[in-house]
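Q: I have a new model open and would like to go through the fold. Can we take it piece by piece?

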Amino acid sequence: MEKINIHGVMMDNVTMDEALGFVVERLDGPGIAKIYTPNSEIMMQAQRDPALKDILNQADLLIADGAGVVLASRILRRPLKEKVSGIDLVKRILENTRTRPTSFFILGAKPGVAEKAAINIISDYPKAEIKGWHHGYFQPGEEDGIIEKINDSGAEVLLVGLGAPKQEKWIHRNASRLNCKVAMGIGGSIDVLAG
Ligand code: UDP
């Protein structure tokens with residue numbers, strides 16, 4: 001995949017179809033793929049926080065959420081093909097379960113919200129299996145138990161909505177002990193899916 005350098009953050013220059021293709025490939029691939037969709041605010045924050053910039057640059061797929069990032073790429077004369085927002089990609093992954101049934105674990109949002117999102121998902125996408133969920137307001141001491149719950153669930157895709165950059169830092173820190181195939185930071189998308 002072609003990379004586009006936006007102030008030192010190496011974005012993947014992909015269309016929505018290409019991003020979905022990458023996810024589908026990784027469902028049956030080795031190891032875990034880390035996917036982040038930074039908006040312009042997070043891109044700005046990465047300028048002041050080299051550790052965050054590093055985390056973004058170690059993503060397996062880094063795509064532009066928001067027109068601001070696409071605009072920045074045009075101003076820098078290295079135009080990204082299109083905006084591929086987190087919520088849109090999540091919806092495409094869910095739609096794709098019709099051809100490739102997929103299992104999910106939802107981590108994040110306020111207590112009760114992930115359950116609502118799970119109910120909506122299984123009614124809209126019968127081939128999406130929700131293996132479990134956990135709210136996003138846990139203490140550091142609870143983290144090991146949550147990781148065990150995710151791994152025991154056997155979910156292929158972990159959707160993490162802890163807000164940015166908390167979710168990117170969480171995925172980066174824990175990726176090596178997660179057994180899922182894809183871990184994706186999805187911001188407020190759990191609230192959107194809960195309706
Ligand atoms: N959130 C969470 N744990 C936290 C902080 C936030 O689970 O410690 C959730 C919050 O409930 C919301 C999501 O993270 O569902 C995204 O929050 P926000 O819209 O503020 O972040 P953004 O979409 O801008 O990344």
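Q: How many bridges join S5 to S7, and are the two strands parallel or antiparallel?
A: This is a predicted model. In it, S5 and S7 run parallel and are joined by five bridges. Gly108 has Gly161 in S7 as its bridge partner.

Q: And how many bridges join S7 to S8?
A: Four, and that pair is parallel.

Q: What does the chain cross through from S7 to S8?
A: Helix H8, residues 166-174. The β-α-β crossover is right-handed.

Q: Is S7 mostly covered or mostly uncovered?
A: Mostly covered, with five of its five residues buried.

Q: Which of its residues point which way from S7?
A: Val157, Leu159 and Gly161 go one way, while Leu158 and Val160 go the other. In a regular strand, side chains alternate between the two faces of the sheet.

Q: Zooming out, what is the strand order in the sheet?
A: S4-S3-S8-S7-S5-S6, six strands in an open sheet with parallel pairing.

Q: Which strands stand at the edges?
A: Strand S4 (61-62) and strand S6 (128-134). Each has a single partner strand, so one side of each has no neighbour in the sheet.

Q: What joins S3 to S4?
A: Two bridges, with S3 covering residues 33-36 and the two strands running parallel. Ile35 sits opposite Leu61 in S4.

Q: Now helices. Which strands does H1 touch?
A: Helix H1, residues 16-27, packs on the sheet and touches S3, S4, S5 (102-108), S7 (157-161) and S8 (182-185). Its direction makes about 155° with that of S3.

Q: Where does H6 lie?
A: H6, residues 113-124, lies across S5 and S6. It runs at about 175° to S6.

Q: What is Phe104 in contact with, leaving aside neighbours within four places in sequence?
A: Its contacts include Ile93, Leu94 and Thr97. Also among them are Ala128, Ile130, Val157 and Leu159.

Terms used. Residues are numbered from 1 along each chain as its sequence is written. This is a predicted model: local features need pLDDT of at least 70, side-chain atom pairs count only at pLDDT 80 or more; totals for chains, interfaces and linings use all residues. Side-chain values use heavy atoms; hydrogens and water are left out. Two strands pair if DSSP finds at least two bridges between them. Contact means heavy atoms within 4.5 Å. Axes are lines fitted to C-alpha atoms, for helices over the stretch in contact, and angles run from 0 to 180 degrees between N-to-C directions. Buried means under 20% relative accessible area, exposed over 50%, partly exposed in between (1.4 Å probe, protein chains only). A crossover is right-handed if, with the strands pointing away from the viewer, the path from the first strand over the helix to the second runs clockwise.
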